Amino acid sequence: MKQIKRNIVIIMLLCTILSSLLIGILSVETSKRIVNENAVQRLSLLGDSSQKDLNTALDNIRQSTNILASYALERLSDPVKFQSDPSYVQAYSDMIEPSLRTAALNTSGAVTVYIRYNPELTTPTSGVVLMKDSTYGYFAAITPTDLSQYDAGDERVAWYYRPVSSQSPEWIMPYRNDVSNGKYILSYVVPLVQKGVCYGVVGMDMDYSTLKQTVDAIQFYDTGYAFLVDGSENMLVHRNFGIYTPVKSIENGQLSGLFTAAHAGSNDLSYVFRGEKRNCAIRQLNNGMILVLSAPVAEIFRDSSKLSYQIILVT
């Protein structure tokens, strides 16, 4: 009789232990899945929000420049005189300049605005260039760059020759500009094309340092941060690398192909950087740049690990 009672108690204990283990395992897996999904969703929402903020800054520049380009073409009433009469070109510049200044003053992030004319139709220094005074904030006229001093393939004048060559608006990735004392700037430029003839370009510049500060300010979890990569897989903004550091030169090239437009929209891509496993969300900006939000896996899923540990203890 005692043997039967002991067997019954053992069976009850085993059933209780087995049930607890099954419930515990199910609870751990379910809670882990839900918390992990929330963590990924949080990273996704932060990626979307950061993408929107950066796109807003870029779109301000783009929209203002497009409006100026349309206005400049509308006011080009006599294309023949433009190509033959310097006084007409000067009068045209005088008419356009107030609109350039107004647009720049009302465009957040703009540091330079300009209309430059085709040197084959006018002189190589023709046009109007207005630069923002860092102290007082107004836009003052400066001497335009002499296009005759540069080869068409020189990156320092890509802001002119690239949109003229493509006959379409262009975002020019950060480059050193002689007019801005060698600082890196980012340009959006629209060619002025009428009936197949290019009369020049209208452009607006954004200070690279402003873009960098915006990206560097994106911080989350304990050590999560954001960075920018261009379409050729070069670092544009990264806390550990200088501008235009090739991604293929990092981690023995193991990160090549990861931070690209092909992965735009992803929220949980994994990679190893300096021995630490990290997850990232990738977004593509309207100018083709790739925004990456990256954080250690241990930080992203820390709440999940804590909850699992607590459930195991209770079980």
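Where in helix 3 does a kink of about 30 degrees lie? The views below start from the whole chain and reach that site in the third legend.

**View 1. The whole chain, a predicted model.** Residues are numbered from 1 along each chain as its sequence is written, and side-chain values use heavy atoms, without hydrogens or water. In this predicted model local features need pLDDT of at least 70 and side-chain atom pairs pLDDT 80 or more, while totals for chains, interfaces and linings use all residues. The chain has seven helices and 13 strands (DSSP runs numbered from the N terminus: H or I of at least four residues for helices, E of at least two for strands). Of its 315 residues, 43% are buried (under 20% relative accessible area, 1.4 Å probe, protein chains only; exposed is over 50%, partly exposed in between). Contacts are heavy atoms within 4.5 Å. Among those between residues at least 6 apart in sequence, 52% join residues at least 24 apart.

**View 2. The largest nonpolar core, around Phe 82.** A nonpolar core is a set of buried Ala, Val, Leu, Ile, Met, Phe, Trp, Tyr and Cys residues joined through side-chain atoms within 4.5 Å. Beyond its neighbours within four places in sequence, Phe 82 contacts residues including Leu 76, Tyr 88, Leu 121 and Thr 122. A second, separate core has 16 residues, among them Val 247, Ile 250, Phe 259 and Ile 282.

**View 3. Helix 3, residues 86–105.** The kink lies at Ile 96, shortly before the proline Pro 98. Bend is the angle between axes fitted to the seven residues ending at a residue and the seven starting there. The expected span is 1.5 Å times one less than the number of residues. Buried residues of helix 3 include Tyr 88, Ser 93, Ile 96 and Ala 104.

**View 4. Aromatic pairs.** The structure holds 14 of them. Rings of Phe, Tyr and Trp (its six-membered ring) pair if their centres lie within 6.5 Å; planes under 30 degrees apart are stacked, over 60 edge-to-face, the rest tilted. Tyr 160 and Tyr 161 are edge-to-face, because their ring centres are 5.0 Å apart and their planes at 90 degrees. Phe 227 and Phe 259 are also edge-to-face, at 5.2 Å and 85 degrees. Phe 227 lies in strand 8 and Phe 259 in the loop between strand 10 and strand 11, so the pair ties together parts 32 residues apart in sequence.
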